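Hi everyone, thanks for making time this morning.

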Amino acid sequence: MNGIVIVDKPQDWTSQDVTARLRRVFQTRRIGHGGTLDPMATGVLPVFVGRATRAVEFFEHAEKAYETVLRLGITTDTEDISGTVLSQQEVCVTEAQIQQVLEHFRGEILQVPPMYSALKVNGQKLCNLARKGREVERQPRPITIHQLKLLKQEGIDLHLYVACSKGTYIRTLCKDIGQALGCGGCMAQLRRVQAGAYTIEEAVPLQQLLEMEHPETCLRGIDTLFASHPAVTLTENQEKRCRNGNTFSISLAEGTYRAYSASGEFLMLAKVENGVMSTVKSFFDPQ
């Protein structure tokens, strides 16, 4: 089995838990996921099966979108509601104040990664150091917040929509917004609603997938990952050269393409330079 399944990850499962369980479902060890979700988070988790694992590297920089709940007045050591409470204070903010603060977090900003993260400093994961009660200096990293919207306010809970670049920590964003509002805050809920071109509407709940008699029907073609690139059908000779890993002449504008055989098989992600097509990554069955 080869393809991409869009899983709606349940709460309290790690991304690794999901892939481990799906190895049995799809009866293959060749499985990987596109972008780790914290155990408390739910939502879109693309899982790559079989030869599709060759495409994971192209998904690493995909932009993500989330719906999150920022709980004001509470700060924790993990920056989310599961952590140890560090401070609590009364909340008194207006919607006008909230909108004004949100404006400062849109666009390109710098973000200091949280201690409870898998990032490494001097070869050690920050989360392991944090569990030992240690805190080390972290350098701010540039991220981009493409969209940041207040969906609604329920008491001390702000429901936010965030579309962002790779490497954004939503719980840190929640903490920083709470700090900017002067009352502190932490992330209370997180749901990923989009990852690259894949949305929550097309995601399959994990439990449903586990109970399906034919889970392979949920697999999407590997080429769906590259839908933004134009498609081209190769001639028989061009296909032969493609399968042998050779370049060949082609009358196309420079750029990146999805290359198919005459029968419709997705062969490769390819690039064209100076009238010559070459392989970026092949996805055909070598047999």
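I'll go from the cores to the strands, then to a helix, the rings and the cysteines.

A word on the ground rules. This is a predicted model, where local features need pLDDT of at least 70, side-chain atom pairs count only at pLDDT 80 or more, and totals for chains, interfaces and linings use all residues. Residues are numbered from 1 along each chain as its sequence is written, and side-chain values use heavy atoms, with hydrogens and water left out.

Let's begin inside. By nonpolar core I mean a set of buried Ala, Val, Leu, Ile, Met, Phe, Trp, Tyr and Cys residues joined through side-chain atoms within 4.5 Å. Buried is under 20% relative accessible area, exposed is over 50%, and partly exposed is in between, with a 1.4 Å probe and protein chains only. The largest nonpolar core here has 44 residues, and V5, L22, V47, L148, L160, I177 and L181 have the most contacts inside it. Apart from that one lies another core, of 24 residues, which includes A65, A203, L225 and F266.

Which residues does V5 touch, once we leave aside its neighbours within four places in sequence? Taking contact as heavy atoms within 4.5 Å, V5 meets L22, F26, L45, P46, V47, L209, C218 and L219.

Now to strand 3, residues 42-49. Helices (H or I, at least four residues) and strands (E, at least two) are DSSP runs numbered from the N terminus, and two strands pair if DSSP finds at least two bridges between them. What does strand 3 pair with? Strand 1, residues 3-9, runs antiparallel to it through 7 bridges, and there I4 has F48 as its bridge partner. Strand 2, residues 31-33, is also antiparallel to strand 3, with 3 bridges, and I31 stands opposite V49. Strand 12, residues 185-195, is parallel to strand 3 and joined by 2 bridges, with G43 opposite R192.

Strand 16 pairs with strand 19, residues 276-282, in the antiparallel sense over 2 bridges, and F248 stands opposite M277.

Next, helix 5, residues 170-180. Here 8 of the 11 residues are buried, so this helix is largely enclosed by the rest of the structure. The buried ones are I170, R171, T172, L173, C174, D176, I177 and G178. They pack against strand 4 (64-72), helix 3 (95-103), strand 7 (107-111), strand 10 (141-154), strand 11 (157-164) and strand 12. Just after the helix, G182 takes a positive phi of about 85 degrees.

On to the rings. Rings of Phe, Tyr and Trp (its six-membered ring) pair if their centres lie within 6.5 Å; planes under 30 degrees apart count as stacked, over 60 as edge-to-face and the rest as tilted. That rule gives 7 aromatic pairs. One of them is F226 with F283, a tilted pair at 5.8 Å centre to centre and 40 degrees between the planes. F226 sits in the loop between helix 6 (206-211) and strand 15, and F283 in the segment after strand 19, so to speak a link between distant parts of the chain, 57 residues apart. F226 counts as buried because its relative accessibility is 4%, and F283 counts as buried at 2%. F283 also pairs with F266, this time stacked, at 5.5 Å centre to centre and 15 degrees between the planes. F266 belongs to strand 18, residues 266-273, and is 17 residues from F283. F58, F226, Y260, F266 and F283 form one aromatic cluster.

Two rings have a charge over them, meaning NZ of Lys or CZ of Arg is within 6 Å of the ring centre and within 35 degrees of the ring normal. K149 lies over the face of Y161, at 5.1 Å from the ring centre. R243 has its charged end over the ring of F284, 5.2 Å from the centre.

Last, the cysteines. How many disulfides are there? With a disulfide taken as a pair of cysteine sulfur atoms within 2.5 Å, the count is 0. For C92, the closest cysteine sulfur is in C183, 9.5 Å away, which is too far for a bond. C92 is exposed, with a relative accessible area of 71%, whereas C242 is buried at 3%.

That's my tour, and I'm happy to take questions.
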